[in-house]
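Reader: I'm new to this one. Could you show me how to read a few of its features?

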Amino acid sequence: MEGKKAIDSRTEQIHAIMYTDINGQDRLFGGQLLKWIDEVAGTTARRHCGSNVSTIAIDNLYFKAGAYLNDIIVLIGRVTHVGKTSLEVRVDTYREDSTGKRFPINRAYLVMVSVDKEGKPIPAPPLILDNEAEHMEWENAVKRRELRLMRQKEGF
């Protein structure tokens, strides 16, 4: 199976926060952001695998800052690690101001699995690492995977 580069499946999604997206404090509802993050991760993983994918874990979800009505939100997804059938996708979320400057508001790591039409896991294409940053992200993904496996053994 031929490998793919992270840049080949990079996904960017943009939203303007509307009234239907905010909570009682006029901030972006966390559930709405989580939905967008899952969509970006799924699209990124599907682009990498060339098959359907399914979310199996949200490994890390860290809210750094809030977002408010009329803010422009930019989500960027990229593959950071690939195993046999699963892959990790990092999704960074930014608030973009009127000058185009971006401010980080969230980072999430999701684990997706490549599946066939019956929903059974199938091999995912290997990830070709292009630079030192991608190698470092891969190494960190291995550590996150080890922690996930340890938590799974402990019943978490």
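Predicted model: local features only at pLDDT ≥ 70, side-chain atom pairs only at ≥ 80, totals over all residues.

Reader: Which side chain makes a polar contact with the side chain of R144?

Author: That's E88, and the contact between the two side chains is 2.8 Å. You'll find E88 in strand β5, which covers residues 86-96.

Reader: Is E88 buried or exposed?

Author: Buried means under 20% relative accessible area. E88 has 2% relative accessibility, so E88 counts as buried.

Reader: Back to rings for a moment. How many aromatic pairs does the structure hold?

Author: In general, a pair of aromatic rings is described by the distance of the centres and the angle of the planes. Here there's nothing to describe that way, as the structure holds 0 aromatic pairs.

Reader: Why do L34 and F63 count as partly exposed?

Author: Partly exposed runs between the buried limit of 20% and the exposed limit of 50%. L34 has a relative accessible area of 31%, so L34 is partly exposed. F63 is at 46%, so F63 counts as partly exposed too.

Reader: And how far apart are F63 and N23?

Author: They're 40 residues apart in sequence, and 15 Å apart in space, C-alpha to C-alpha.

Technical notes: Residues numbered from 1 in each chain as written. Heavy atoms only, no water. Buried < 20%, exposed > 50% of the residue type's maximum accessible area, 1.4 Å probe, protein only. Phe/Tyr/Trp six-rings, centres within 6.5 Å; stacked < 30°, edge-to-face > 60°. Helix = DSSP H or I, 4+ residues; strand = E, 2+ residues; numbered from the N terminus. Polar contact = N/O pair within 3.5 Å; in protein donor to acceptor, adjacent residues only side chain to side chain.
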